[in-house]
Amino acid sequence: MALNENTRLGASGASGKYEIKHSLRFRRNATTYLTRTPGSAGNREQWTVSLWLKRGHLDNAMYFMGAERPSSTYAGSTGGFDSGHRLKYFDYDGSGSYQIELQDYATYADTTAWYHIVYAVDTTLGTNTDRVKFYVNGTRVTWWNNATWPAQNFDTNWMNTEPHYFGMSSEGDGQPFDGYLAEIHCIDGQTLAPTAFAETDSDTGSWVPIEYTGTYGSQGFFLNFSDNSGTTSTTMGKDYSGNDNHFTPHNQHTFNIVPDTPTNNFAVLNR
């Protein structure tokens, strides 16, 4: 079934058998983010990112992930929300032209619950509308406010040898993310369905996380924010995939690792 609601609520936050113990809070006014520059490129045509997020302030556009070339050649990949609270992903080339620009029709303005978001990319496919897939809480997005599909075999900037970010799209981004991120998986070389990371609870009907048991590829990583002993790449930004693809925190503090998670959702005011 396609997402076709005007407003999309988050997942309930109810716990299944798998427990997520921590999330990382990102504060827009403090410009908090994580970054890593891969030493070599991964598979830029086939990859998957799965993450859980809970939004904070809704006052502007904000981007929760990105990869951008730090030069006069303007190129990058970005995922986030526009000022109308629509989920989007775009990838632009060295001239600043959009090669991918996908914007969901639904809005995502629920600050009280968690969303599970999956970007699944395979630009080798023959059907252009299958080359980039969004899933929200297990359901594929197919109703678009705006859609520019990539050419076959297009190389995205994500998984390239340029800085990758969570909490913003690029260095100096004026629209950083405000809210919480949890259970970030990046899979290099595979395009996976959301059922690799979550499932519908048979008792409650809620979309809940499960343990990912697959592989990550050479440039993949898993951030679960389970170490609050410091603000280094091997504590707060530690990669638990086994690849040691750690992320470096910026302007972060250990008190931003919190127990508010998709399986232990804290009550907050809907701002």
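Two strands are taken to pair if DSSP finds at least two bridges between them. In this predicted model, strand E9 (residues 132-136) and strand E10 (residues 139-140) are joined by two bridges and run antiparallel. Valine 136 has threonine 139 of E10 as its bridge partner. Two residues lie between the strands of the E9 and E10 hairpin, where asparagine 137 adopts a positive phi near 50°.

E9 also pairs with strand E8 (residues 115-122): five bridges join E8 to E9, and the two run antiparallel. Within this pairing, the bridge partner of alanine 120 is lysine 133 in E9. In a regular strand, side chains alternate between the two faces of the sheet. In E9, Val132, Phe134 and Val136 point one way, while Lys133 and Tyr135 point the other way. The residues of both sets are buried, that is, under 20% relative accessible area. Because five of the five residues of E9 are buried, the strand is largely enclosed by the rest of the structure. Lys133 therefore belongs to a strand whose five residues are all buried, and the side chain of Lys133 points the same way from E9 as that of Tyr135.

A further set of strands was examined for order and pairing. Strands of a sheet pair through backbone hydrogen bonds, either parallel or antiparallel. Eight strands form an open sheet in the order E11-E7-E6-E5-E4-E12-E2-E17, with antiparallel pairing. Its edges are strand E11 (144-148) and strand E17 (248-250), each of which pairs on one side only. From one strand to the next, the twist averages 15°.

Within this order, strand E4 stands between E5 and E12. E4 spans residues 62-68 and is mostly covered, with seven of its seven residues buried. On one side, six bridges join E4 to strand E5 (residues 76-81), and the two strands run antiparallel. Methionine 62 has phenylalanine 81 of E5 as its bridge partner. E4 is likewise joined to strand E12 (residues 164-166), here by three bridges, and this pair also runs antiparallel. In E12, phenylalanine 166 is the bridge partner of methionine 65.

Definitions and conventions: Residues numbered from 1 in each chain as written. Predicted model: local features only at pLDDT ≥ 70, side-chain atom pairs only at ≥ 80, totals over all residues. Heavy atoms only, no water. Buried < 20%, exposed > 50% of the residue type's maximum accessible area, 1.4 Å probe, protein only. Helix = DSSP H or I, 4+ residues; strand = E, 2+ residues; numbered from the N terminus. Axes fitted to C-alpha atoms, helices over the stretch in contact; angles between N-to-C directions.
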